[in-house]
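Subject: Structure handover and notes

Dear colleague,

I am passing on the structure below, together with some notes on it. Please read the notes with the model open beside them.

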Amino acid sequence: MTIRAMRRGGAASLLALLATGAVHAQAVSDRGLSYTLYGTPGLIEMPSALSAKDGQIAATIGGFDGQVRTTFTFQLLPGLSGSFRYSRIDDYTLPGSEGQIEDYFDRSFDLRYRFNDETAILPAFAVGLQDFLGTGAYGAEYLVATKTFGDKLRVTAGLGWGRLGSQGGFDNPLGVLSSEFDERPGLDFGEGGTFAVDQLFKGDAALFGGMEYAATDDLTVKVEYASDAYERETELELIERDSSLNYGVVYRPLPGVQLGASWLYGSELAFTGTFLIDPSERPFGPGLDPAPSPIRIRQGDARAASTWDRGVIPEATIRTALQQALAAEGVELSSIQLSDRAVRLRYTNTRYRAEAQAMGRIARMLSLGLPDSIERFTLEPMQRGVPLSAVTLNRSDIETFFDTAGGTQALSERLVLTDAGPAAGLVDLPRVDDRFSYGLAPYARITVFNGDDPFQVELGAQISGRYEITDSIVASGTLRQQLYTNRENPELVVAEGDEPYPVRRNAALYADQGTTGIRDLTLAHYGRAMPDVYTRATGGYLEEMYGGLSTEVLWKPADSRLGLGAEVNYARQRDFDLGFGFQDYDVVTGHASAYYDFDNRFYGQLDVGRYLAGDWGATVTLDREFENGWAVGAYFTLTDVPFEAYGEGSFDKGIRVSIPLDYVVGQPTRREASTSLASLQRDGGAKLRVDGRLYEVVRDGHLNDLDDGWGRFWK
């Protein structure tokens, strides 16, 4: 879709260039595509050169005697995928360590890039980095090729380094380029989490390969020659490696579910389960949205009318009728300006994820309820009482294009997007909805990837309340009652040596002592200081662990991809019992932020400033969002806290996922559930958690988000 704007930036999109240069689709059939024990597309343990469908999410759990691997894999681009893995190895002793660790827990990241589509002659080629950002326990690199014969047989061959170069290895062929490739440095586990550049593609190399045969649409048979010698595991007598041949089968009992069984190394029986999610598809098809109202088509002479008889149809009657009709559509009409030829509305969409869908519903209502002389509709969406933009549509265009092929595109090319106009001329309407809302719901908090206790769960109930003092001043709070937890007597963490103050590591104490407590209790104000400049001030108990004051300003023109912001916070640590008291620790934090809306629904963010522990640094975030509201992203933070002082993991990094509830229930709603898969929560790079930061509030009504969602205008 293309939305015409009075102002529009011309910045090129880096991600669009990457996507154009990369492959756009796999020419080969995906029949039989399945996942390895490492949670990546491939054979049994060895990788292949195949890629999943663009945007697909795969969650895999696989293991055999003494090892369990849980992997989250996301197809970021058609040829680029990333994986985050959490593994457990029983009775594993780290190289160079003293004694034995009964259960060793390892976190690792992978990247894989496929260079080309498979053709009738050429196979697909890919390069991969396995455990390139972790301790290196599973560290390997590989080049691999895969070729399909017919629609049943697929053959893979590759060259591996690291673990994949440890069985049947030979001199590194890259040694002809430099002698530095001849030897691979030994693993230095340390705190883990750093990019082991000195390891990449170094040391002995070895060949691996295998075949996959799709016996039926639901059953795939595999055999592979594995080049992983499992040197450390066999040395510790954790497994027996009697053969380099592995055999396996994968069965698909349901769409999106893969179950696998395999016989490894002549001695081990392994099982895998993979669950696939395609965020681009809706389980309820187009959704269970209520049918929209029809469009009323004016007659030709009615279109030519220049005014209407206010004695017959008073303006007050129109305002009241529109407000009531839009309320039934989940749209709160706040103010309206009527003239003989135009109407301007300010409203809040409380129901539809895409602002464009709400605009379509409003346009239908206006065509039904307004006098025939009114030709121009100007719609100004608001969130939290702040107008976001102004979209102007011609009524005659709506009548012309609503039931024609290509009408959605044609309408988008004729509308005009500008900044929201001044409040002058608008007539405020009395609110018809209840300013106070509340809800009682269960909550669950799951903490994973903690090396000492890798799975912690907390279950309970919470009651949330919200009171809108005005459209832009909101009081809200959440009271929680814990009902169950498996946390066991957490101890107070105290900083030692040059460690940063434990701003996050004592989170378990809040769960232990705050069984009944206030999660948050705030008063927030949103406003516009001037055109394109938004403001926020939030005070109170901002989150579970900190209270204080948070202030923010954001420059974000409605037709610009770029946004610039600044935030300053005063935060003080709360008591562990989640009552009204505070501890002695306080800090001033703040960030300067840049936001950029790339093509293909990629959103980038850079934050530079001071964090909760008083450390200075920067956070880089990249999210990919889908039309239906799914979002998957990754982030990392580097600050002046040394890796050694930061502790295990070396620096803050992780994956975040947001799931729209309308994707699950089918009914339209703007609510969503979000979570972060952090490799480990520590103190360096920790940010204050504040609800309703400005960029997420305002961008729904701006150019690219409207453009992306315009396909739902008639829904």
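This is a predicted model: local features need pLDDT of at least 70, side-chain atom pairs count only at pLDDT 80 or more; totals for chains, interfaces and linings use all residues.

Residues are numbered from 1 along each chain as its sequence is written, and side-chain values use heavy atoms, with hydrogens and water left out.

Cavities

Rolling a probe the size of a water molecule over the atoms shows where empty space is left. Here a cavity is a set of points, on a 1 Å grid over the protein atoms alone, where a 1.4 Å probe fits but cannot get out, and its lining residues have an atom within 4 Å of a point. Grid points are joined across faces, edges and corners, and the volume is the space filled by probe spheres set on the points. By this rule there are ten cavities of 30 Å³ or more, and the largest cavity holds about 80 Å³ of space. Its lining is made up of 14 residues, of which I44, V249, V250, S262 and T272 lie nearest the centre. The elements that give two or more residues to that lining are β12 (245-254), β13 (257-264) and β14, where strands (E, at least two residues) and helices (H or I, at least four) are DSSP runs numbered from the N terminus. The lining of the largest cavity divides into eight nonpolar, five polar and one charged residue, with Ala, Val, Leu, Ile, Met, Phe, Trp, Tyr, Cys and Pro counted as nonpolar, Asp, Glu, Lys and Arg as charged, and the others, Gly among them, as polar.

Helices

For helix α5 (residues 355-369), the 15 residues at 1.5 Å a residue should span 21 Å, and the end C-alpha atoms are 21 Å apart, which agrees; the expected span is 1.5 Å times one less than the number of residues. Because 13 of its 15 residues are buried, α5 is largely enclosed by the rest of the structure, where buried means under 20% relative accessible area, exposed over 50%, and partly exposed in between (1.4 Å probe, protein chains only). In helix α7 (residues 407-414), the buried residues are G407, T408, A410, L411 and S412, and what covers them includes β19 (390-394) and α6 (395-401), contact being taken as heavy atoms within 4.5 Å.

Polar contacts of side chains

A polar contact is a pair of N or O atoms within 3.5 Å; within protein, one must be able to donate a hydrogen and the other to accept it, and residues adjacent in sequence count only if both atoms are side-chain atoms. D278, in the loop between β14 (268-277) and α3 (300-303), is buried at a relative accessible area of 11%, and its side chain makes a polar contact with the side chain of K53 at 2.6 Å. Not counting residues up to four places away in sequence, D278 touches K53 and Y663. Q462, in strand β23 (residues 455-470), is also buried, at 16% relative accessibility, and its side chain makes a polar contact with that of R480 at 2.7 Å. R341 lies in the loop between β15 (331-338) and β16 (342-349) and is partly exposed, with a relative accessible area of 33%. The side chain of R341 reaches the backbone oxygen of S373 at 2.8 Å, while R341 and S306, 35 residues apart in sequence, are 6.6 Å apart in space, C-alpha to C-alpha.

Most residues other than glycine have a negative phi, and most peptide bonds are trans. Y230, although not a glycine, has a positive phi of about 50°; this residue sits in the loop between β11 (219-225) and α2 (231-235) and is buried at 0% relative accessibility. E237, in the loop between α2 and β12, has a positive phi near 60° and is exposed at 70% relative accessibility.

With kind regards

Definitions and conventions:
On a 1 Å grid over the protein atoms alone, a cavity is a set of points where a 1.4 Å probe fits but cannot get out, and a pocket is an open set with protein on both sides within 12 Å along at least five of seven lines; lining residues have an atom within 4 Å of a point.
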